[in-house]
Amino acid sequence: MKPQHRHGPPRDFVGYGRRPPRITWPDGRLVAVNLVVCYEEGSEYSLFEGDDHSDGWGEYPLSAPAGVRDLGTETHFEYGSRVGIWRIARLLDRHGVQATVSSCAEALRRNPEVTAWLRQSGHDLLGHGLRWTEQWTLSRDEERDHLQRAVALFIELLGERPIGWNSRSFPSVNTRDLLIEEGGFLYDSDPCNDDLPYFVPAKDGRLLIVPYSKTLNDSRYLVSPGYVTPKDFVDNVETYLDFLIREAREEGGRMMTIAVHARWTGQPNRAAALEGVIETVLSRPEAAFMRRNDIARYWLSLFPAGSEAR
């Protein structure tokens, strides 16, 4: 039997190589920008929820002693669900931007108003787990159970299932196999290894990968080196996008991912940064916001089964 670290997807250091497929996005755009709003509030680790520890992704890298409820971090997550998500929602509405909401199923269950907004908004859903827990801490059977329960709960709450998936931080060695086994997923968004979608072999066919990215992510407000001020986020997006546009004119279309979280970018100063990011993208005629599901379906239309995305 192979050791655990040799299980899972093989590594690929080649990808498209020197010659990625030369594509354009709908309406002749050169860069498809996917804005991901991560909604995890109410699904994180908490002693109050019966976990053996509290989550650590609050505003500061501090945590309560073992066995003590971390009310500081708990209430920081609550800010995201009570205030932050609505500030982000208003910004998206104001600018007419369609985003992808990467949500944990349990987080939606805990906030019916957010669930109703997602049903009505036109934003699409990216599956982000049953709860905001690490897949790699689960056995294969436990992870399968969580996946199936998450899909069932999304259907119950939203009337539809996710067709894409993105794990907390990184997947387990079993995640991709379980997505394929479940049978209802159009794409996997766990890898962060390309600027374009691509296919991987799967049982009886292929699975589309729509790559994620942690480069343009508001978690950088909390890490060092990271964003010192909200303007840093805007400047980083602007530099990234303008380089991609120049490259795409010569080499063909590209995609980019910008990810924000309700509890962090929902704060007023960082919401101002998100508005700057949105205005930057909208000011570039070569770029357009696209939902992640639409990127996946467009790629499949460009490269139907039997064709090569090269």
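A search of the whole structure, a predicted model, turns up two cavities of 30 Å³ or more. Rolling a probe the size of a water molecule over the atoms shows where empty space is left.

| Cavity | Volume | Lining by class |
|---|---|---|
| Largest | about 100 Å³ | six nonpolar, five polar and three charged residues |

Start with the largest cavity. It is lined by 14 residues, and Q135, E143, H146, L147 and W165 are the closest to its centre. Helix α4 (140-158) and helix α5 (175-182) each supply at least two residues.

Now the second largest cavity. Its lining consists of E44, Y45, S46, S54, D55, D70, T73, E74 and F77.

Next comes a helix pair. Two packed helices are described by the angle between their axes and the distance between the axes. Helix α1 spans residues 71-95 and helix α3 spans residues 112-121. They pack at an angle of about 20°, and their axes lie 11 Å apart. Angles under 35 degrees count as roughly parallel, so α1 and α3 are roughly parallel to each other. Their crossing is left-handed.

Which residues of α1 and α3 meet? From α1 come I85, W86 and A89. From α3 come E113, V114 and W117. The residues of this contact divide into five nonpolar, no polar and one charged.

Methods
Residues are numbered from 1 along each chain as its sequence is written. This is a predicted model: local features need pLDDT of at least 70, side-chain atom pairs count only at pLDDT 80 or more; totals for chains, interfaces and linings use all residues. Side-chain values use heavy atoms; hydrogens and water are left out. Axes are lines fitted to C-alpha atoms, for helices over the stretch in contact, and angles run from 0 to 180 degrees between N-to-C directions. Helices (H or I, at least four residues) and strands (E, at least two) are DSSP runs, numbered from the N terminus. Angles under 35 degrees count as roughly parallel, over 145 as roughly antiparallel, 65 to 115 as roughly perpendicular and the rest as oblique. A crossing is left-handed if the near helix is turned anticlockwise from the far one by less than a right angle, and right-handed if clockwise. Contact means heavy atoms within 4.5 Å. Ala, Val, Leu, Ile, Met, Phe, Trp, Tyr, Cys and Pro count as nonpolar, Asp, Glu, Lys and Arg as charged, and the others, Gly among them, as polar. On a 1 Å grid over the protein atoms alone, a cavity is a set of points where a 1.4 Å probe fits but cannot get out, and a pocket is an open set with protein on both sides within 12 Å along at least five of seven lines; lining residues have an atom within 4 Å of a point. Grid points are joined across faces, edges and corners, and a volume is the space filled by probe spheres set on the points.
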